[in-house]
Amino acid sequence: MIPGSVLEAVYGSTVHCEVECQIGLEGHDGYKVHSHKTMKPFEWDESRVSLHAPAIDNTGRNNCHGLLQEFEGKPLLNARVLQFLMYSWNRDRIPIAWDNLHVVFAGTIYRDPGGLLCVRVMFRSSRGNHLWDWDYAYVDDIYLPDHMIAVLAG
């Protein structure tokens with residue numbers, strides 16, 4: 001086993017991916033890992049992933065902090081899974097239902113160079129090619145209706 005990497009073996013249409021420690025999860029441009037939920041190895045199967053919208057708070061905005069508290073201890077998909085899906089040979093495994101969404105991988109939380117909390121989000125690029133891409137999103141800014149937090153179902 002290689003620590004800190006996504007390992008995969010393809011058996012027919014089933015992909016076994018192993019999500020390990022935070023080695024290699026360093027952020028880009030000064031972003032640092034604040035917390036990372038390790039996951040047990042699991043077979044990638046889109047039907048086992050559920051998406052959850054942050055609840056509306058009293059200001060009329062979605063409350064990502066509340067949702068993160070609600071899902072404390074639950075298997076939030078982390079940045080390792082995002083990396084697995086972003087590999088060019090795995091992009092066909094991204095569920096079609098995700099096409100118009102920003103899928104939040106909240107199992108890994110980063111701090112930007114200024115200390116603010118953020119997560120990685122996967123989405124279809126609005127540029128001409130419409131390829132899958134990712135970026136950081138600040139936890140306090142996840143309030144749009146198309147931002148959904150990915151959770152591995154039991």
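Okay, a contact here means heavy atoms within 4.5 Å. With that in hand, residues 24 or more positions apart account for 63% of this protein's contacts with a separation of 6 or more.

Quick housekeeping. What you see is a predicted model, where local features need pLDDT of at least 70, side-chain atom pairs count only at pLDDT 80 or more, and totals for chains, interfaces and linings use all residues. Residues are numbered from 1 along each chain as its sequence is written, and side-chain values use heavy atoms, with hydrogens and water left out.

So, the overall layout. The protein has two helices and 11 strands; these are DSSP runs, H or I of at least four residues for helices and E of at least two for strands, numbered from the N terminus. Walking along the sequence, you get β-β-β-β-β-β-β-α-α-β-β-β-β. There are 154 residues, and 42% of them count as buried, meaning under 20% relative accessible area with a 1.4 Å probe, protein chains only. The accessible surface is about 8300 Å², with 53% of that belonging to carbon and sulfur atoms; that's Shrake-Rupley with a 1.4 Å probe.

Now let's zoom in on two residues. H36 sits in strand β3, and because its relative accessibility is 14%, H36 counts as buried. Its side chain makes a polar contact with the side chain of T108, at 2.7 Å. By polar contact I mean N or O atoms within 3.5 Å, where within protein one must be able to donate a hydrogen and the other to accept it, and residues adjacent in sequence count only if both atoms are side-chain atoms.

Then there's A106, over in strand β8. A106 has a relative accessible area of 2%, so it is buried too. Leaving out residues up to four places away in sequence, A106 touches L68, L76, L77, V119 and I149. A106 and H36 are 70 residues apart along the chain, yet their C-alpha atoms are separated by 8.7 Å.

Last stop: which residues lie nearest the centre of the largest pocket? They are S35, K37, L68, E72 and I109, out of 11 lining residues. The elements giving two or more residues to that lining are β3 (32–36), α1 (64–70) and β8 (102–111). A pocket is an open set of points on a 1 Å grid over the protein atoms alone, where a 1.4 Å probe fits, with protein on both sides within 12 Å along at least five of seven lines; lining residues have an atom within 4 Å of a point. The volume, the space filled by probe spheres set on the points, is about 160 Å³.

Methods. Buried < 20%, exposed > 50% of the residue type's maximum accessible area, 1.4 Å probe, protein only.
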